[in-house]
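Welcome! Please take a moment to look over the sequence and the model before reading on.

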Amino acid sequence: MDFQLSETHRSLRKEVRTFAEKEIAPIAATIDRDQSFPSELFERLAELGYAGGGVPPAYQGTFSNYLSVVITGEELARVSASIPVALFPHSILCAHNIFRYGSEAQKERYLPVLARGRRWGAMALAEEAAGSDIFSLRTKAKRSGNDYVLRGSKTYITNVPFAEVYLVFAKTGEGDGPENISAFIVERDSEGFSFGKTFDKMGMRGSPTGRLFFKNCKTPAKNLLGGEEGIGYRQLFKGMDVERVSWASIALGIAQASFESALNYSKKRRQFKKPLIDFQMIQYMISEMAVNVEAARLLTYKGASLLDRGMNARFEASAAKLFSAEAAVKTSGDAVQIHGGAGYMKNHAVERYFRDAKILTVAAGSSEVQRMIIAHELKRKDRNEAFIC
Ligand SMILES: Cc1cc2nc3c(=O)[nH]c(=O)nc-3n(C[C@H](O)[C@H](O)[C@H](O)COP(=O)(O)OP(=O)(O)OC[C@H]3O[C@@H](n4cnc5c(N)ncnc54)[C@H](O)[C@@H]3O)c2cc1C
């Protein structure tokens with residue numbers, strides 16, 4: 001067991017941090033305040049290869065391993081969590097899933113354009129009636145000649161409306177069973193495709209979130225992911241481990257930023273003729289923050305490393321998502337506390353961290369859903385052995 005990052009991963013962290021501090025930090029407060037999607041920054045992300053972070057070089061991307069994905073997510077989120085929240089639905093949930101489960105023709109058609117950021121992607125699963133309970137999907141897809149015709153709607157979809165390529169989950173059979181779920185690649189300019197206006201959100205305001213409507217929307221039959229009906233649930237379920245460690249890394253970045261800000265402030269701010277850090281109750285909060293950040297990092301990196309080795313990471317990915325999301329909420333809340341009145345003001349970054357953090361316990365599988373998955377894993381007989389390490 002080696003807790004040191006390789007030279008490659010250390011220099012990746014340095015590179016992403018330098019970029020984020022130079023090019024994202026100056027706009028982080030503005031995109032949050034105005035709830036504006038930074039399209040020029042996304043052009044820059046494409047130019048630098050971040051758009052291709054889920055696509056291997058064979059398809060013109062930059063993906064090499066999951067540990068690099070989470071280090072990138074952590075460092076971007078440390079400066080503005082909205083950026084990886086918009087980037088990952090493109091690079092991981094859409095492009096990486098097409099890479100993992102698409103046919104060769106689908107990969108050749110979509111991956112290079114997604115990897116170069118010529119077109120942006122999104123993943124559309126959630127519906128009004130199907131949030132945590134994805135078996136309640138109501139969007140239907142029916143084969144009609146050389147097309148599938150989709151009817152239904154999606155809600156809370158990140159990157160609506162700027163994404164042009166959507167990975168859409170719909171039912172191809174009757175009933176609630178997993179065998180009725182299929183995934184489709186649907187282009188924004190498809191007949192019958194439309195979107196609603198973007199939501200006004202508490203946090204992650206630099207990433208757009210909206211609704212999609214499929215009114216007899218036609219997508220070519222060749223866009224059925226993997227070319228087979230009824231395997232969408234399996235594709236989704238396997239892809240979720242990657243999604244969870246990616247989301248854990250965003251939470252980790254927020255927790256890290258909150259901790260750094262609180263530590264610095266507690267050393268500078270004096271009350272009762274002493275810096276705050278000299279008070280035991282502040283020391284308690286700061287030391288808890290440090291431990292939570294470190295534990296979130298270990299869980300997240302472990303989940304990513306297991307995936308890199310092709311190992312089962314269901315428990316670890318859920319544990320990382322659960323712990324990191326809760327740690328981000330706790331740490332950013334304590335950071336506001338330590339900043340006192342200053343931390344409650346809109347011009348202070350910790351106020352944004354606190355609002356941004358909350359969605360991480362809700363989206364991409366809420367904390368309750370992660371606990372359900374963890375409990376399910378614990379019930380499995382062969383689990384004990386894995387806990388030894
Ligand atoms: C900003 C944002 C961005 C999003 N981006 C995307 C996206 O890009 N693509 C996409 O497909 N979806 C996206 N989502 C949807 C997101 O994944 C769902 O909001 C999430 O899965 C929760 O579903 P829900 O909101 O319907 O809540 P519900 O499922 O209605 O849950 C409400 C509450 O009940 C709890 N709960 C539900 N079932 C149980 C249970 N069995 N036991 C205990 N507690 C339970 C939940 O944990 C939650 O606390 C996004 C959501 C938001 C807010």
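Here is a short tour of a strand, a ligand site and a cysteine.

## About the model

This is a predicted model, in which local features need pLDDT of at least 70, side-chain atom pairs count only at pLDDT 80 or more, and totals for chains, interfaces and linings use all residues. Residues are numbered from 1 along each chain as its sequence is written.

## Strand β1

Let's start with β1, residues 121–124 (strands are DSSP runs of E with at least two residues, helices runs of H or I with at least four, numbered from the N terminus). Gly121 and Met123 point one way, Ala122 and Ala124 the other, and all are buried (20 or more other C-beta atoms within 10 Å of a residue's own, with C-beta atoms placed from the backbone). In a regular strand, side chains alternate between the two faces of the sheet.

β1 pairs with β4 (residues 165–171) in the parallel sense, over four bridges (pairing needs at least two DSSP bridges). Ala124 has Val168 of β4 as its bridge partner.

## Around the ligand

The ligand is surrounded by 21 residues, and among the closest are Leu125, Gly131 and Glu368 (near means a C-beta atom, placed from the backbone, within 6 Å). β1, β3 (147–158) and α10 (367–379) each give two or more residues to this shell.

Why does the ligand lie between domain 2 and domain 3? Domain 2 (121–230) and domain 3 (233–387) both give residues to its shell, so it lies between them; the bounds come from an automatic or database domain assignment.

## Cys94

Cys94 is in helix α4, residues 82–101. It counts as buried because it has 26 C-beta neighbours inside 10 Å.

Definitions and conventions: Buried ≥ 20, exposed ≤ 12 C-beta atoms within 10 Å, placed from the backbone.
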